[in-house]
Amino acid sequence: VAPVHHTYADDARFEFILLPENVGKRKAQIAAIRRSSGDLLLNVDSDTTLASDVIRKLALKMQDSAVGAAMGQLTASNRSDTWLTRLIDMEYWLACNEERAAQARFGAVMCCCGPCAMYRRSSLLSLLDQYETQMFRGKPSDFGEDRHLTILMLEAGFRTEYVPDAIAATVVPDTLGPYLRQQLRWARSTFRDTLLLLRLLPGLDRYLTLDVIGQNLGPLLLTVTVLAGLAQLALTGTVPWSACLIIAAMTIIRCTVVAFRARQLRFLGFSLHTFINIFLLLPLKAYA
């Protein structure tokens, strides 16, 4: 913080809130929100760089008073560092331009991501008490801030939006250890807040019910397929070629469609992520 504080402390446009100790993201957000005065608040993670027009593009979307929050498109600023950062960058593209874009079409992005999310201040103030006092397993919650805040917005009756041309570049994990720890936090947040989301689904578009079912049923079906294949291999000594071919075909079709939509052949390489998904992320989600 010191170099940034030294550079901007004398600038009247900025106010620094130096908390006496590290109290976590949620309480730091709340401290800033309560001291703020603008109509719109922009949340940016410390490892994120915004394009020069991000604030303008998000603010244009927020002109509609029915919109409580809007997020931009995320890219990996360190994409070219390792094979993993390249895969994560493609994963972010898919999460934004398939999942979030489809949800926004029906008025409810399920998670406005922390690196770049704009909120209506008046809406946030009315939700702060719920946000601050969230408990999980008898303890104050210290994970899943972005998803929970988005769900509170939806619960309050606001729309949440995605703005694809508001680009934010963020640093992503470049080795498997930090990546898996990140995915564990996200999986726990998804499972916990999906339970909270279920009561909202009757009031939202029916597509969003299908989306939630698909996101939770898909990994379960893939897990059953993998376990059944391993059982076949162990009990009969035969390779489950049909399951392997179906998974391979689905992977190739998906990656080909994305490469065509994005006009980038690099998305064909996202097929490698299937191995990470099956052998690392599925066990991690079970643990979560």
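Mentor: Happy to. Axes are lines fitted to C-alpha atoms, for helices over the stretch in contact, and angles run from 0 to 180 degrees between N-to-C directions. Helices (H or I, at least four residues) and strands (E, at least two) are DSSP runs, numbered from the N terminus. This is a predicted model, where local features need pLDDT of at least 70, side-chain atom pairs count only at pLDDT 80 or more, and totals for chains, interfaces and linings use all residues. Residues are numbered from 1 along each chain as its sequence is written, and side-chain values use heavy atoms, with hydrogens and water left out.

Trainee: How are H4 and H8 oriented to each other?

Mentor: Helix H4 (residues 83–105) packs on helix H8 (residues 206–236) at about 155°, and their axes are 9 Å apart. Angles under 35 degrees count as roughly parallel, over 145 as roughly antiparallel, 65 to 115 as roughly perpendicular and the rest as oblique. H4 and H8 are therefore roughly antiparallel.

Trainee: Which residues of H8 make that contact?

Mentor: Contact here means heavy atoms within 4.5 Å. On the H4 side we find Glu99, Ala102 and Gln103. Their partners in H8 are Tyr207, Leu208, Asp211 and Gln215.

Trainee: Which aromatic residue pairs with Tyr207, and is the pair stacked or edge-to-face?

Mentor: Rings of Phe, Tyr and Trp (its six-membered ring) pair if their centres lie within 6.5 Å; planes under 30 degrees apart count as stacked, over 60 as edge-to-face and the rest as tilted. By this rule there are four aromatic pairs. In one of them the centres are 4.6 Å apart with 25° between the planes, and the partner of Tyr207 in this stacked pair is Phe106.

Trainee: How many residues apart are Phe106 and Tyr207?

Mentor: Phe106 sits in the loop between H4 and strand E4 (117–120), while Tyr207 is in helix H8. The pair links distant parts of the chain, with a separation of 101 residues.

Trainee: What is the handedness of the crossing of H7 and H10?

Mentor: Helix H7 (residues 176–198) and helix H10 (residues 273–287) cross at roughly 55°, their axes coming within 10 Å, so H7 and H10 are oblique to each other. A crossing is left-handed if the near helix is turned anticlockwise from the far one by less than a right angle, and right-handed if clockwise. For H7 and H10 the crossing is right-handed.

Trainee: What does UniProt annotate at residues 216–234?

Mentor: The unreviewed UniProt entry gives one annotation to residues 216–234, 240–260 and 267–287; such annotations may be inferred rather than shown by experiment. In the model, residues 216–234 are 100% helix and 0% strand, with end C-alpha atoms 28 Å apart. The annotation in that record reads "transmembrane region".

Trainee: How far apart are the end C-alpha atoms over residues 240–260?

Mentor: This stretch is 95% helix and 0% strand. Its end C-alpha atoms are separated by 31 Å.
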